[in-house]
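Biologist: I am new to this structure and would like to go through it with you. Could you put it on the screen, please?
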Amino acid sequence: MSSLLNKMMITSLLPLTPYLLSLLLFLLLLEQISYLTKKGTAPGPPLVLPFLGNAILLVRNPTRFWDRQSALAKSSPLGFSSNYVIGKFILFIRDTHLSHKIFANVRPDAFALVGHPFGKKLFGDHNLIYMTGQEHKDLRRRIAPNFTPKALSTYTALQQIIILHHLQNWLRLSSQALPDPITLRFLVRDMNLETSQTVFVGPYLGPAARERFKSDYNFFNVGLMKLPIDLPGTAFRNARLAVSRLVETLSVCAERSKARMEIANSEPTCLIDFWMHEPAVVSEVEIGAHLFDFLFAAQDASTSSLLWAVTLLDSHPEVLAKVREEVAGIWSPESDSLITAEQLSRMKYTHAVGLEVVRYRAPATMVPHIAAVDFPLTETYTIPKGTMLILIS
């Protein structure tokens, strides 16, 4: 009986097949037209796979995908290129001036920071990135004591101790590798990770926890580049679980800091101590989540800026000579002391060089934004509403 019913159903649907195929082809044509209309004169794939776009290449080899997109944008006089991934039109900005134009217009009626195409699934709905309005203002007010002159002086001392240790290690590695150069990218990343950990949670993160922290942060970085396939064993699942473990670890640090700062006359030694110095109005878990936000925000941006600073100073020896002269007039590596906050404030030229590096090569690249409106990016191209922007300059 069931077999007969199935045959009757198939027979009744057969006349509709041409119409269904026509509808499907029409929808696919509309998708291509929509992509080509949004693409305009921007370089990018002339045609894309239905719905998936270039997701297959992104999954198979994400590094190659981003490098190819970056090279395409860089080779174009427009300074940007286009693509299409899982139903989303994407614009890749490779020009520094255009990147700054996007950064300068992050507001409700222009661009919204999303942090990652699938950030809410990875970071959670209550991440700092997604906070707006009064909730965001309240949080900024609560964390203000973490950035007083006294607090910043404490962080500066912690940073210098770690940086000097790493610089000595770099010199040793360089002498061992002669005449070959050494790659700084991962060395700088590790230095910044240790710096961030120490500045944020100081003595509350032991050696074993630091190693686990480093491993989980690597899981997190890998997962950032993958599609949100949340299945056991996938990179995205590993990243999501790593974020949970990182937040849990930082929450324990907050608990330990709170217990210590409740002891009379306890002096803050890191950012979490300054935070706990005031009566907490949120849980340690929420503070741990915010600390992870800080870590995420500081890590890649600092690494990028420092690498560019080294590269640009190496290619401009006259600027490097002036920086060295200014530093030598204030501090000597042979001295048994650290640079103070007051001395840092006198290093005007070095400060200007740092600002120029950030202007020339904006940090925090590869941070997605969403266009809330049609936005005129150049005289000849307007970003369509709903476009995802990846700033890769």
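Modeller: In this predicted model, five strands form an open sheet with mixed pairing, in the order S1-S2-S7-S4-S3.

Biologist: Which are the edge strands?

Modeller: They are strand S1 (80-85) and strand S3 (111-113), each of which pairs on one side only. On average, neighbouring strands of this sheet are turned by 30° against each other, direction ignored.

Biologist: How many bridges join S1 to strand S2?

Modeller: Six bridges connect S1 with strand S2 (residues 88-93), and the two run antiparallel. For example, asparagine 83 has isoleucine 90 in S2 as its bridge partner.

Biologist: Which strands does helix H4 lie across?

Modeller: Helix H4 (residues 62-75) lies across S1, S2 and strand S7 (388-391), and runs at about 145° to S1. Helix H5 (residues 96-103) also packs on the sheet, where it touches S1, S2, S3, strand S4 (368-371) and S7. The direction of H5 makes about 125° with that of S7.

Biologist: Let us change topic. Which residues touch the most other members in the largest nonpolar core?

Modeller: They are Phe220, Ile272, Trp275 and Leu291, in a core of 43 residues. Helices H6 (119-123), H7 (133-143), H8 (149-177), H9 (185-201), H10 (207-224), H11 (235-261), H12 (271-276) and H13 (284-315) each supply at least two residues of this core.

Biologist: Which helix gives the most to this core?

Modeller: That is H11, with nine residues. There is also a second, separate core of 19 residues, and Leu91, Leu98, Ile102 and Ala110 are among them.

Biologist: Back to isoleucine 272: what is it in contact with, leaving aside neighbours within four places in sequence?

Modeller: With those neighbours set aside, isoleucine 272 is in contact with Phe200, Val201, Tyr204, Ala254, Ser257, Ile287 and Leu291.

Biologist: And where is cysteine 270 found?

Modeller: Cysteine 270 sits in the loop between H11 and H12.

Biologist: Is cysteine 270 buried or exposed, and why?

Modeller: Cysteine 270 counts as buried because its relative accessible area is 0%, and the cut-off for buried is under 20%.

Biologist: What is cysteine 270 in contact with, apart from neighbours within four places in sequence?

Modeller: Apart from those neighbours, its contacts are Thr154, Tyr155, Leu158, Thr198, Val199, Phe200, Val201, Gly202, Pro203 and Tyr204. Cysteine 270 and tyrosine 204 are 66 residues apart along the chain, and their C-alpha atoms are separated by 9.6 Å.

Terms used:
Residues numbered from 1 in each chain as written. Predicted model: local features only at pLDDT ≥ 70, side-chain atom pairs only at ≥ 80, totals over all residues. Heavy atoms only, no water. Core = buried A, V, L, I, M, F, W, Y, C linked by side-chain atoms within 4.5 Å. Buried < 20%, exposed > 50% of the residue type's maximum accessible area, 1.4 Å probe, protein only. Helix = DSSP H or I, 4+ residues; strand = E, 2+ residues; numbered from the N terminus. Contact = heavy atoms within 4.5 Å. Pairing = 2+ DSSP bridges. Axes fitted to C-alpha atoms, helices over the stretch in contact; angles between N-to-C directions.
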